[in-house]
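User: I would like to learn how to read packing and pairing features from a set of coordinates. Could we work through one example together, starting from the strands?

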Amino acid sequence: MISYNIVTASNKDTVVAEYVPEIIRSSDYQSEAALEKDFITRLSEQGYEYIQVKNEAALVSNLRHQLELLNEFTFTDREWDQFFSTNIAAVNEGIVEKTRRIQDDHVQILKREDGSTKNIYMIDKKDIHNNRLQVLNQYEEKQGTRETRYDVTILVNGLPLVHVELKRRGVAIREAFNQINRYQRDSFWSSTGLYEYVQIFVISNGTHTKYYSNTTRNQHIKELTPGNRRKNKKTSHSFEFTSYWADSSNRIIPDLMGFTNTFFAKHSLLNILTRYCVFTSEELLLVMRPYQIAATEKILNRIEIYTNNKKTGTVEAGGYIWHTTGSGKTLTSFKTAQLATRLPSIDKVLFVVDRKDLDYQTMKEYDRFEKGAANSNTSTRILKRQLEDPNVNIIITTIQKLDVFIGKNKSHPIYKQHMVLIFDECHRSQFGDMHQKIIKAFKNYHIFGFTGTPIFATNASTSGKPFLCTTQQAFGDKLHTYTIVDAINDGNVLPFRIDYVNTIKASDHIADEKVPAIDSEKAMSAPKRIEEVTRYILDHFNQKTKRNHFYTLRGNHVAGFNSIFAVASISMAMKYYTEFQKQLAQQNRTLNVATIFSFSANEEDPGDLLPDEGFETSKLDTTSRDFLESAIQDYNQTFHVNFDTSADKFQNYYKDLSLRVKNREVDLLIVVNMFLTGFDATTLNTLWVDKNLRQHGLLQAFSRTNRVLNSVKTFGNIVCFRDLKKATDEAIALFGDKDASGIVLLKTFEEYYNGYEEDGKFRPGYIQLIADLQTKFPLGKPITGEEDQKEFIQLYGKILRLRNILTAFDDFDGKEILPHRDSQDYQSIYIDLYQEWKGDKKADKEDITQDVIFEMELIKQIEVNIDYILMLVAKYHESNCKDKSILNAIDKAVNSSIELRSKRELIERFIEQMNLTTQIEGDWTVFVKEQKENDLQAIIDSEKLKPAATKKLIEGSFRDGALKTTGTDIDRILPPMSRFSGSRLVKKQSVIEKLLLFFDKYLGLV
């Protein structure tokens, strides 16, 4: 096994500065029980109290004692019973309510027997070492749908706030994640639901250890459970969103014992729980990653040190954070701003962005982290009022507004106050006169910059102020680094796959680059080329954006992703928009194409920055503004809204457009510079590029596509219509390292298809995997025996993952090898095994099945839908119900779909009752409606539910695309029963299961 030595650390640092593994080989087999024992021993050595609590009565008794110790107060029995049932374990509260109590409302009010009140702390957030940490193992829960026993739980003041699920070495860590999902389904909610207080889950197989928040797991359950999906919740809460712990140098600490020594160090764990979690306005708990925490603490330490040394108002009192685009800089800056305002000496935090669109986006993100935590402003007058208001702590503004304020207020009391200035995306546009005026006006400040693409001496501008050429000169020392290579290795962003199509390369012998640039732009905007590029995009749109692949987004069944098209100029944007409308009309095809642009003082910027495009449409020439007005009218007709190019309405158009791109309602957005920096949409997977990009601007634009969403989206697609290969290699080398391209860019089609060498091993390609599948598991021959079934599941999972990548390559078309019918048959076998292995039949064989991972998200993406089935039914009807091969095709299609299997009975019964007069579409609708009403009435009768309330709940659920099973919705439809009896909980769970099956059966049909 591996043990670790801490090289440097301090009690204040949550993330250790450096952690060096010391390799100690052990050939001994380590069972799960031995791993658990070793883990608990380590925790005990670190000051955790080990307690033997095996049931709820003992857990509640210990909780009372711990809260009494923390609050130096003794409850009477009556006070405790009332406080526990009202303030800790209220009947209708779930994960969301309990998380809010820990994160935002940790001081509860006790009504005492004598009529007075007392504040009861659930957790001490000011002095974290007043909290007591305990560890227990093998806790038994017998009140759920089945008896369960949990591995290891960490109690903070008696509340289970961290749960650890262990698997023996060699077992896939993902199975520990799945095990916790089963606990959520079967038992976390049972009894008094204390385990719903768990904030953080840790999963480990000894070799690999990861952590994630309770809402990551809870949201994943909602997405996987048919019908139990809620709108307005970000997806992407699957296993992909679990995180490794690391040291301050981003070196991951995967081994459980190393993880225990660092993450579970008492001050680290308590800091994470009390300082580095954010419970958002969307009711999601975000647990910060180690690089985010390290950066935050570096800034806070810098503020305190230079304040104590009375060296504020200098560049040395600040610094910059280099965190790659997409790594969550806004969350890091929010926490930094929030914690900085709590420092006793700090008066205000100013968060400064350099573009108006980023101003809106940042405000929206900050508002998501905490409603009303920050204040934005639409004018310098409002900014002035906020700066003068002692109750306003965090202000978001643009550098332009701040510059105007300073110009109008040569002297102001704010300049002498102790300020923290945080600049988002601190790049060269902030290195000029405005930057100088700001640091000259403020006297008592710390200035910090966040950037994903810093300016170094090698990419610094030769113009401008010589003493403000680099990020370090403008903002001070580099305090923390997290590059695109770190982020891809950690799985926090995706790699890119780049196609170069119809490129035109300038002649090497021309010395003056401006001359060929003008000539080549004329060639680039030639009508014939615009026509061909547009045709290529339309021909390859479904393939690149995976429109034949399905997944769940905010409770909706969605086909594929969307894209942005970056073009060189407003003139080209207009030409492309017109050409898309023309070709779509010719093809009689519907695709939501939108465009947005505005005036830019330097549209054809020769540097590496994307020029600033504000909202000043009034500065556009008449032709451009009229065209933009017309394009917005097209948008208004499509989405039934009312925007135009006037100042206020254009800003609202921008906001509405950004939201629709994020919700994947806009298929293709044509831009010049807008949306290419600072805009995050997880549904974007493709960037079409007909624009010269380099260095900072190139990586910023490419990074619009590489946000993690789910296992279907495995890379960002870049399709270049210009030769940007050299520029791409240079940008990746500059902002990653010289060897970064092997990590940042995907491999070639030939490598994935034929196989490739990596780390001294040969990785079989698609051809070999399909050959293995057909040889080892020929169709028609049953797969018997658990070892053979396990081998098939693993092999077919590899094929699914590889096929998911290959479908984005043009070269894959026609090279799938397996006929479509054979693919359906293999997929049916895979789903059969999934339902058998993950169902009740195998519940007693977890020791054998725990290392099997099913790629169900990739299965769902190649689903057939009900429209396809009805088309086959219509063909069968046209054959006078005699062509049995069509019935076979229907059976295969239903079998190969995890979604349609729940609708099999409906489809079969409809086919049985068909006759020559049947009108397929109309009669199917009537049939489904009748069956739905009959099935719902049967549930109401068998469970004795309240009819009107039940029907109202179901109608609302189908309308919202979600069946809400938390809160009081289900309680309202139950028959009268004692709220505190165990039979009520059993009854409630039974009703939930029946309604979920019913909802899944009719979801998408009504």
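**Strands, helices and rings**

Analyst: Valine 349 stands opposite valine 420 in S16, where pairing of two strands requires that DSSP finds at least two bridges between them. Helices (H or I, at least four residues) and strands (E, at least two) are DSSP runs, numbered from the N terminus. The model is predicted, so that local features need pLDDT of at least 70 and side-chain atom pairs count only at pLDDT 80 or more, while totals for chains, interfaces and linings use all residues. Residues are numbered from 1 along each chain as its sequence is written, and side-chain values use heavy atoms, with hydrogens and water left out.

User: Which strands are joined to S14, and do they run parallel or antiparallel?

Analyst: Strands of a sheet pair through backbone hydrogen bonds, either parallel or antiparallel. Here S14 (residues 348-353) is joined by five bridges to S16 (residues 419-424), running parallel, and by five bridges to S15 (residues 394-398), again parallel. In S15, isoleucine 396 is the bridge partner of phenylalanine 351.

User: How many residues of S14 are buried, and which way do they point?

Analyst: Six of the six residues of S14 are buried, that is, under 20% relative accessible area, with exposed meaning over 50% and partly exposed in between (1.4 Å probe, protein chains only). Lys348, Leu350 and Val352 point one way from the strand, whereas Val349, Phe351 and Val353 point the other way.

User: In what order do the strands of the six-stranded open sheet lie?

Analyst: The order is S19-S26-S25-S22-S24-S23, with parallel pairing. Strand S19 (496-500) and strand S23 (593-596) each have a single partner strand and stand at the edges, so one side of each lacks a neighbour in the sheet. From one strand to the next the twist averages 20°, an angle between N-to-C directions on a scale from 0 to 180 degrees, with axes being lines fitted to C-alpha atoms, for helices over the stretch in contact. S23 is joined to S24 (residues 668-671) by four bridges, and isoleucine 596 has valine 671 as its bridge partner in S24.

User: How should I read the packing of helices H9 and H10?

Analyst: Two packed helices are described by the angle between their axes and the distance between the axes. For H9 (residues 290-308) and H10 (residues 329-341), the axes come within 9 Å and cross at roughly 35°. The contact (heavy atoms within 4.5 Å) includes Ala295, Ile299 and Ile303 of H9 and Leu331, Lys335 and Leu339 of H10.

User: What geometry do the rings of phenylalanine 405 and tyrosine 415 have?

Analyst: A pair of aromatic rings is described by the distance of the centres and the angle of the planes. Rings of Phe, Tyr and Trp (its six-membered ring) pair if their centres lie within 6.5 Å, planes under 30 degrees apart counting as stacked, over 60 as edge-to-face and the rest as tilted. A search of the whole structure finds 47 such pairs. For phenylalanine 405 and tyrosine 415, the centres are 6.2 Å apart and the planes at 70°, so the pair is edge-to-face. Both residues, phenylalanine 405 and tyrosine 415, are buried. Tyrosine 753 and tyrosine 766, by contrast, have centres 5.8 Å apart and planes at 25°, so this pair is stacked.
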